Amino acid sequence: MADRTFPIEGTLDLTPPRAREHTWLETVHEWVTTVDHKKLGILYVVYALFFLLVGGAEALAIRVQLARPDNTFLSPEVYNRFFTMHGTTMVFLVGMPMIFGFANYLVPLMIGARDMAFPRLNAFSFWMTAFGGLMLYYSFLGGSGLYGVGNAPDVGWFAYAPLTARAFSPGNATDYWALALIVSGIGTIGTAINIVATTLAMRCRGMTLLRMPLFVWLNLAVSGLTLVTITPLTAAQIMLLIDRYLGGHFFDTQAGGSAVIWIHFFWIFGHPEVYVLVLPAFAIANEVIPVFSRKAIFGYPAMVAASVGIVFISMGVWAHHMFTIGMTSVSNAFFTLSTMLIAIPTGIKIFNWLATMWGGKIRFATPMLFATAFVFQFLIAGLTGIMLSVAPFDWQLHNSYFVIAHFHYVLVGAILFAIFSGLYYWFPKATGRMLNETLGKWNFWLFVIGFHLTFDTMHFVGLLGMPRSIYTYEPDRGWNHLNMIVSIGAFIQGISILIFAANLVWSLYRGKVAGNDPWDAWTLEWAAASPPPVYNFPIDPAVQSRRPLWDLKHPEDPDWKYE
Amino acid sequence: MSTTTLIPNTVSVPEQPWNPPSRGRVAMYCLIVGESAIFIIFVVAYIYYIGRSLYGPTPKQVLEVPIFNSICLLSSSLTIWFAERSLERNKIKLFGAWWALTLTLGAIFLVGTGIEWHKLIYEKGLTISTNLFGTTFYSLVGLHATHVIFGLIGLSVVLAFALAGKIREEHSERIQVLSLYWHFVDAVWVVVFTVVYILGR
């Protein structure tokens with residue numbers, strides 16, 4: 001081992017050349033044809049934020065309809081379309097692109113590479129995902145073949161058979177849904193392959209597997225999981241299209257087919273998908289929490305092991321979505337236990353985050369606020385998850401708003417909070433400017449208040465027996481006030497998101513100039529310029545520990561002495 | 001510290017071996033893992049639906065075991081391996097010969113499947129919409145045949161380069177990555193054959 005690490009300063013002019021004034025058309029051309037992982041990462045994130053607004057607007061329309069009993073704001077048909085599109089949008093057009101945006105932007109920078117392993121595959125994957133989203137939304141126009149009024153898919157985001165059969169879902173809306181998911185799925189698989197190949201093959205000198213930042217580790221785990229998660233969905237969608245277009249009988253009970261097998265196939269995709277979305281949220285927390293606690297992450301090997309453990313266990317829990325369809329007792333017991341098993345690695349993570357914060361010199365900047373709320377809310381989401389994993393409990397509350405509250409706690413309370421944390425944390429790297437802290441605090445506190453008003457209350461609505469997917473209810477059920485509170489909370493969250501959007505635009509032009517390393521962080525991406533040049537690093541970095549920038553800043557006490 | 005760019009770099013480190021795996025190979029293994037998941041879903045559906053068709057024709061009435069076809073496809077795995085070895089030893093002519101033989105064997109398999117399907121559709125009256133057996137049979141075998149077609153396209157491109165004299169020893173790595181895909185297609189056939197023609201009959 002070398003006894004000393006030092007920076008090479010002033011050997012190269014590293015200030016990025018002043019950008020030439022581009023015409024409008026040149027800029028568009030540059031972004032459309034780019035194969036640069038950073039530009040594609042930004043495209044992914046912008047695309048996801050756009051659909052976050054669209055999916056959020058759908059959610060608000062749903063909440064307006066449910067705010068009062070016997071409301072007529074949305075017709076039952078439109079209501080069905082909106083909750084289908086809300087779910088599909090948030091999972092496939094917001095969650096997946098967002099996590100791949102982060103991974104695309106950060107993984108090569110964090111491992112000291114100049115780009116992804118396959119830059120052109122990367123661009124191809126992004127555009128497949130993008131056109132998948134456009135295709136899904138085109139169904140609003142073309143769902144019934146451009147004649148008369150269009151319609152969107154209205155079969156629910158899990159599209160249970162036999163509702164998706166030609167007889168029950170005429171028109172083309174369901175086909176748009178299936179095709180859009182296949183198309184964006186191809187993009188997803190391309191990106192997953194790319195991330196695995198990048199992390200394994202493109203690491204800089206000295207970046208052994210156990211020196212990779214946890215962000216990279218988790219994205220490696222997620223990409224591996226994606227390979228075996230999205231593909232069953234693709235297979236099931238192909239079967240659905242065979243049924244709808246070629247007269248096949250996969251899910252046709254009148255010819256001996258089975259509707260239950262669709263449910264199995266969908267959740268074989270659907271449950272690991274939750275972990276595909278939540279592991280990147282862990283990844284963001286793993287970077288933000290140590291930096292803002294001024295301590296190295298607690299229990300790095302345990303974190304890696306827990307992540308890989310979650311990946312494997314998550315593939316064996318899908319049927320806990322199916323306790324009410326009448327499985328054998330053995331199946332019920334198996335899926336109850338396997339689901340509970342996931343609480344162990346997840347618990348390890350939560351303890352490690354707490355131990356990282358414990359005794360740290362915590363700075364509550366906006367990224368850390370969101371990360372702290374993430375830990376707290378994810379814990380509650382996990383606890384209601386354990387409640388629902390118990391089959392008899394699930395029999396009572398299946399398809400009630402309790403379940404909706406549980407998974408929104410995961411998707412919003414954990415994943416969206418972590419995404420916000422990541423956006424505030426890495427925005428300076430991507431743009432060279434800080435996001436505004438005051439607006440950030442408004443964004444955070446309004447979102448926390450709105451979130452808890454909506455989703456805490458929703459648990460009680462569910463316990464009082466309100467089923468999901470109903471477009472209205474009668475006034476004498478005792479749900480009136482609670483539903484009004486849920487809707488008010490939703491609008492507070494909406495305002496908070498708009499503040500965030502305003503913050504993004506304002507800070508992009510007027511934000512404080514960030515410099516290369518505004519948070520005094522330790523991973524390699526902060527060694528590059530902000531924003532990084534196309535080639536990322538003028539010379540290939542080489543590392544000796546998990547925190548290469550710590551080694552640089554503290555040559556008297558470098559990490560590699562202890563590893 | 002705001003404008004200086006610090007690039008961590010070790011100077012005076014004795015050259016340590018640093019050999020990360022080949023990105024092509026990693027990506028191909030990933031693709032194979034993903035594709036396997038697709039096949040598993042179709043195979044599971046096939047096995048689950050064996051004997052559940054409510055009306056005929058049944059597999060026993062119409063299916064003939066494609067032994068010649070299978071021998072062709074499986075032996076093509078062997079010939080492509082000989083081709084890889086020839087290229088590694090810089091015997092370019094021999095590589096071309098083995099490669100062309102592989103392509104021929106794959107094409108024979110595909111034509112054989114075509115003939116089998118033609119018979120099933122026009123003589124025995126089994127189409128994808130006839131019954132549940134037809135649906136699962138044509139989907140699973142068709143999914144595999146689609147992979148054979150993509151494999152044959154890949155093989156043909158390499159053959160075109162070989163005929164143009166552009167393949168050299170240094171392309172060995174890339175050729176081996178492509179061969180991995182072909183080996184995968186062959187291995188899947190073993191599963192499909194077992195499920196469709198042995199278990200299913």
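## Model and conventions

Because the model is predicted, local features need pLDDT of at least 70 and side-chain atom pairs count only at pLDDT 80 or more, while totals for chains, interfaces and linings use all residues. Residues are numbered from 1 along each chain as its sequence is written, and chains are lettered from A and ligands numbered from 1 in the order in which they are written.

The complex has an ipTM of 0.93 and a pTM of 0.93 from the predictor.

## Overall form of chain A

Chain A has 16 helices and zero strands; helices (H or I, at least four residues) and strands (E, at least two) are DSSP runs, numbered from the N terminus. Its radius of gyration, taken over C-alpha atoms, is 24 Å, close to the 24 Å that the globule rule gives for 563 residues, so chain A is as compact as a globular protein of that length. That rule is 2.2 Å times the number of residues to the power 0.38. Along the principal axes, the C-alpha atoms of chain A fill a box of roughly 75 × 50 × 45 Å.

## Burial and core

In chain A, 54% of the 563 residues count as buried, meaning that 20 or more other C-beta atoms, placed from the backbone, lie within 10 Å of the residue's own. The largest nonpolar core has 217 residues, and those touching the most other members are L279(A), A281(A), A285(A), F374(A), A414(A), I415(A) and A418(A). Such a core is a set of buried Ala, Val, Leu, Ile, Met, Phe, Trp, Tyr and Cys residues joined through C-beta atoms within 7 Å. Helix α13 (residues 401–431) of chain A gives the most to this core, 22 residues.

## Helix α15 of chain A

Helix α15 (residues 480–510) of chain A has 31 residues and should span 45 Å at 1.5 Å a residue, which agrees with its end C-alpha atoms being 45 Å apart. The expected span is 1.5 Å times one less than the number of residues.

Among the buried residues of α15(A) are N483(A), G489(A), Q493(A) and F500(A). The buried residues of this helix pack against α2 (37–67) and α14 (437–463) of chain A.

## Interface

The contact (C-beta atoms, placed from the backbone, within 7 Å) takes 53 residues from chain A and 38 residues from chain B. On the side of chain B, α1 (23–49) and α5 (132–163) are the elements that give two or more residues, and α1(B) provides the largest share, 13 residues.

How values were computed
Buried ≥ 20, exposed ≤ 12 C-beta atoms within 10 Å, placed from the backbone. Contact = placed C-beta atoms within 7 Å.
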